[in-house]
Amino acid sequence: MLNIQLLTAISPIDGRYRDKVDGLALYFSEYALIRYRVMVEIEYFISLCELPLPQLSGFEKALYGDLRKIYKDFTLEDAEKVKGIEAVTNHDVKAVEYFIKERFDLLKLEAYKEFIHFGLTSQDINNTAVPASLRDAVHDIYYPLLEELIASLDQLAEDWREVAMLAKTHGQPASPTRLGKEIRVFVERLNTQLNLLKGIPCSAKFGGATGNFNAHHAAYPQIDWVAFGNSFLNDALKLEREQLTTQISNYDNLAASFDNFKRINTIMLDLSRDMWTYIMMEYFKQKIKKGEVGSSAMPHKVNPIDFENAEGNLGIANALFEHLAAKLPVSRLQRDLTDSTVLRNIGVPLGHTVLAIKSIQKGLSKLLLNEKAIQRDLENNWAVVAEGIQTILRREAYPNPYEALKELTRTNTVIDGPAIAAFVETLEVSETVKEELRRLSPSSYTGVDLY
């Protein structure tokens, strides 16, 4: 791609960040949409031959390979030719039909070309091409990236499994936890939502002008067109056919996917903010790359820009996913055209999501654990073991343990190790219980190892 094209792009996805999301062009560009439409048309024609329709019973199966080359070897020049036809027809799907008919002429298959797009409406093509492209992009690009991120988090959770850390609830010191466990929380959340996403059917509409196979049934009433449609989508396109539709897809499963993407992004946004905050608290330092500048004015700064970039991109992605999920399932009567332009944008939130995942990965790779800062925070907050002390005292039926600890800790004086130790010695409990209490410290009071 020429630099001038990158510099003049309106969307940063196609400009500044193109090198990071370039693979998505094979699924969501105008070229990709045309190629997927051609694929659906060709596979539909082949399925009609396999049925077979009487007029296609003599079509040689040996020619299927030549037909599939039309979309498998589809080039930018081919897409430009389709766009040239569209400039005359003012209809994008009809332009694809005419393009394929021209290819049939070149293959000496003129006698069969009227069975291209036979009985179909444009939405039979669009509402199969778009889900297929999304499915492939998610399988080829999104899943590997997200699973790689989850694996990175899982490794960090293992590396930091024994690192005691002061928790912060409401921004205040709270019962200690382990750093590894806090990272593992995000692993579990992401895995749960990823499994839900993988369980959502990739479905599509296919049934003629208003979903009832009207034209098909009128021409060949003896054929079970519902069974044919189910088989064509399931076997040839690897999609699940929506049984009852209007002229367009119900889009409910697509909306469910967008909602799921949004939930996953929200978890990653939560992660990004937490990592940003840990860096601010100096629990992490960041690796310095020679030649990089953190600030145009303050040369000492190493900013957590990767997590900030992720947060910004996730926000944009989720705003678009929200609109897609809310808009697509709503259409006036049997259809209006509002879904058409919206569908052309599904690659945009995926692009911002891909950027975010890559930014988070980069940010995680730069983290350096600062155990001194973590230990300092623990040592400065001995009051957090008060919960454990009063709970043990409750077990021992000690009178008013909560109130006793409240009087000790809810002051403006420093509560340190010696202060807690002195308090323990004042308690009228057995020496065995006192020894149990003496073992409590901010570094040891971290609960059960959950994984």
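The model is predicted, so local features need pLDDT of at least 70 and side-chain atom pairs count only at pLDDT 80 or more, while totals for chains, interfaces and linings use all residues. Residues are numbered from 1 along each chain as its sequence is written, and side-chain values use heavy atoms, with hydrogens and water left out.

**Nonpolar core**
- A nonpolar core is a set of buried Ala, Val, Leu, Ile, Met, Phe, Trp, Tyr and Cys residues joined through side-chain atoms within 4.5 Å; buried means under 20% relative accessible area with a 1.4 Å probe, protein chains only.
- The largest nonpolar core has 140 residues, and V38, F45, Y142 and F258 touch the most other members.
- Helix α8 (residues 122-159) gives the most to this core, 17 residues.
- F45 is in contact (heavy atoms within 4.5 Å) with residues including L56, F59 and F104, leaving aside neighbours within four places in sequence.

- A pocket is an open set of points on a 1 Å grid over the protein atoms alone, where a 1.4 Å probe fits, with protein on both sides within 12 Å along at least five of seven lines; lining residues have an atom within 4 Å of a point.

**Second largest pocket**
- The second largest pocket has a volume of about 400 Å³.
- It is lined by 13 residues, with A383, A386, E387, Y402 and T409 closest to its centre.

Methods. Buried means under 20% relative accessible area, exposed over 50%, partly exposed in between (1.4 Å probe, protein chains only). Helices (H or I, at least four residues) and strands (E, at least two) are DSSP runs, numbered from the N terminus. Grid points are joined across faces, edges and corners, and a volume is the space filled by probe spheres set on the points.
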